[in-house]
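Here is a short tour of one protein model. Take it one piece at a time, with the structure in view.

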Amino acid sequence: MITLHALTKVFPGGVRALDDIHLTIADGEFFALLGPSGCGKTTLLRTIAGLETPTGGTVRINGKDVTRLPPGDRDVAMVFQDYAIFPHMDVTTNIAYPLRIRKVPRAERTTRAAGVAARLSLTELLHRRPAELSGGQQQRVALARAIACHPTAFLFDEPLSNLDARLRLEARTFLKRLQRELAVTTVFVTHDQAEALALADRIAVMSEGRMIQVATPAEIFHRPATTFVASFIGSTPMNLLPARATTTALHVAGATLPLPEGVTAGDHLTYGVRPEYMTLSATEGPGAFPGVITVLENLGTHTLVTLEAPGTLIQAVVPEGEEPSLGTPAWATPRRALLYRDGTLHTTP
């Protein structure tokens with residue numbers, strides 16, 4: 001278990017990279033830190049690892065306060081974005097290096113390295129050096145080195161970002177299966193929301209050093225707590241439409257909708273609906289947004305359709321072969337929507 005209490009990190013010049021972080025990561029949990037560049041996720045990971053010293057707060061691993069301990073005494077293993085494997089060592093020596101630092105006898109080091117290598121399909125590569133390996137193979141060597149020392153926790157700093165798209169998908173599946181088999185607490189930093197949704201048991205969405213929402217992937221996708229999270233999560237951005245309430249109705253993008261409970265005239269409102277939850281029709285229906293088809297984007301099995309609605313643009317996803325024609329009028333009806341007041345989730349209309 002990893003517990004962070006009131007964790008703060010302020011860099012010289014007053015840059016607050018971490019701002020009062022409170023978090024508990026359960027034993028065996030795969031936990032993702034997600035957010036844009038500069039949000040503090042890597043700083044948080046490095047603080048857990050001991051590579052950064054917090055300005056305030058505490059880090060506990062399995063109940064032990066490790067806030068001031070050096071990295072080597074924390075019983076964690078870190079895999080970096082660039083893998084950081086030694087170019088002058090072969091695969092066996094790279095995997096066994098942490099054991100060498102711990103003064104494990106040579107024979108035992110070699111045996112454990114071979115065992116981990118077999119698990120990661122590296123047996124044929126044990127005598128090669130990094131320059132002779134592909135990016136995916138180097139990534140597996142870095143993982144093997146982390147596994148070999150049997151740590152309390154894995155800390156992954158965007159380990160898949162240097163792989164091409166196909167390798168990244170393969171590595172993602174492999175990494176999730178491996179973590180389930182080992183049942184080791186894992187903290188995974190990424191700016192790729194698809195990776196976080198696919199891999200994690202829980203996700204923390206970060207912005208400006210703060211955790212905006214901590215929840216399961218399903219909850220973050222279906223009920224993002226703020227408009228920031230709503231706009232950040234999803235392979236296609238959520239439609240976030242300005243809404244205006246009167247005493248009797250909610251007016252959004254040319255449509256008149258029932259007034260949700262607890263909403264009053266003058267509230268600053270945003271109506272959110274994912275493109276995947278919009279139904280397009282060539283005829284007008286109740287609660288539908290009117291518009292004209294302006295853009296069609298082929299996504300393979302689906303097409304992303306953009307409508308020009310009164311005062312805004314609305315996107316919808318339709319199955320392949322059901323695309324409307326450019327320039328034609330259409331109506332988009334939401335099947336599942338959210339309402340935000342002052343940027344924070346208010347209700348489901």
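Helix 2 and helix 4 lie roughly parallel to each other in this predicted model, because their axes cross at roughly 30° and angles under 35 degrees count as roughly parallel. Helix 2 covers residues 91-101, and helix 4 covers residues 135-148. Their axes come within 7 Å. The crossing of helix 2 past helix 4 is right-handed. Which residues make the contact? Helix 2 supplies Val91, Asn94, Ile95, Pro98 and Leu99. Helix 4 supplies Val141, Ala144, Arg145 and Ala148. Sorted by class, this contact has 7 nonpolar residues, 1 polar residue and 1 charged residue.

Helix 4 also packs against helix 5, which spans residues 165-182. Here the axes are 11 Å apart and the angle is about 15°. That angle makes helix 4 roughly parallel to helix 5. This crossing, too, is right-handed. From helix 4 come Gly136, Gln139, Arg140, Leu143 and Ile147. From helix 5 come Leu167, Ala171, Phe174, Leu175, Leu178 and Leu182. By class, the contact between helix 4 and helix 5 has 8 nonpolar, 2 polar and 1 charged residues. An α-helix has 3.6 residues a turn, so residues three or four places apart point the same way.

Now turn to helix 1, residues 41-49. How many of its residues are buried? The count is 7 of 9, and the helix is mostly covered. The buried residues are Lys41, Thr43, Leu44, Leu45, Thr47, Ile48 and Ala49. Glycine 50 follows helix 1 and has a positive phi, near 95°.

Next come the strands. Strands of a sheet pair through backbone hydrogen bonds, either parallel or antiparallel. Strand 9 runs through residues 202-207. Of its 6 residues, 5 are buried, so strand 9 is largely enclosed by the rest of the structure. Strand 9 pairs with strand 3 in the parallel sense, and with strand 10 in the antiparallel sense. The table lists these pairings together with one from another sheet region.

| Strand pair | Sense | Bridges | Residues opposite each other |
|---|---|---|---|
| Strand 3 (residues 30-34) and strand 9 | parallel | 4 bridges | phenylalanine 31 and arginine 202 |
| Strand 9 and strand 10 (residues 210-215) | antiparallel | 5 bridges | serine 207 and arginine 210 |

Strand 9 and strand 10 form a hairpin. Between them lie 2 residues. In that turn, glutamate 208 has a positive phi of about 55°.

Finally, step back to the whole protein. It has 8 helices and 21 strands. Its C-alpha trace spans about 75 × 45 × 35 Å along the principal axes. The protein has 349 residues, and 49% of them count as buried. Take the contacts between residues at least 6 apart in sequence: 65% of these join residues at least 24 apart.

How values were computed:
Residues numbered from 1 in each chain as written. Predicted model: local features only at pLDDT ≥ 70, side-chain atom pairs only at ≥ 80, totals over all residues. Heavy atoms only, no water. Axes fitted to C-alpha atoms, helices over the stretch in contact; angles between N-to-C directions. Parallel < 35°, antiparallel > 145°, perpendicular 65-115°, else oblique. Left-handed = near helix turned anticlockwise from the far one by under 90°. Contact = heavy atoms within 4.5 Å. Nonpolar A, V, L, I, M, F, W, Y, C, P; charged D, E, K, R; others polar. Buried < 20%, exposed > 50% of the residue type's maximum accessible area, 1.4 Å probe, protein only. Pairing = 2+ DSSP bridges.
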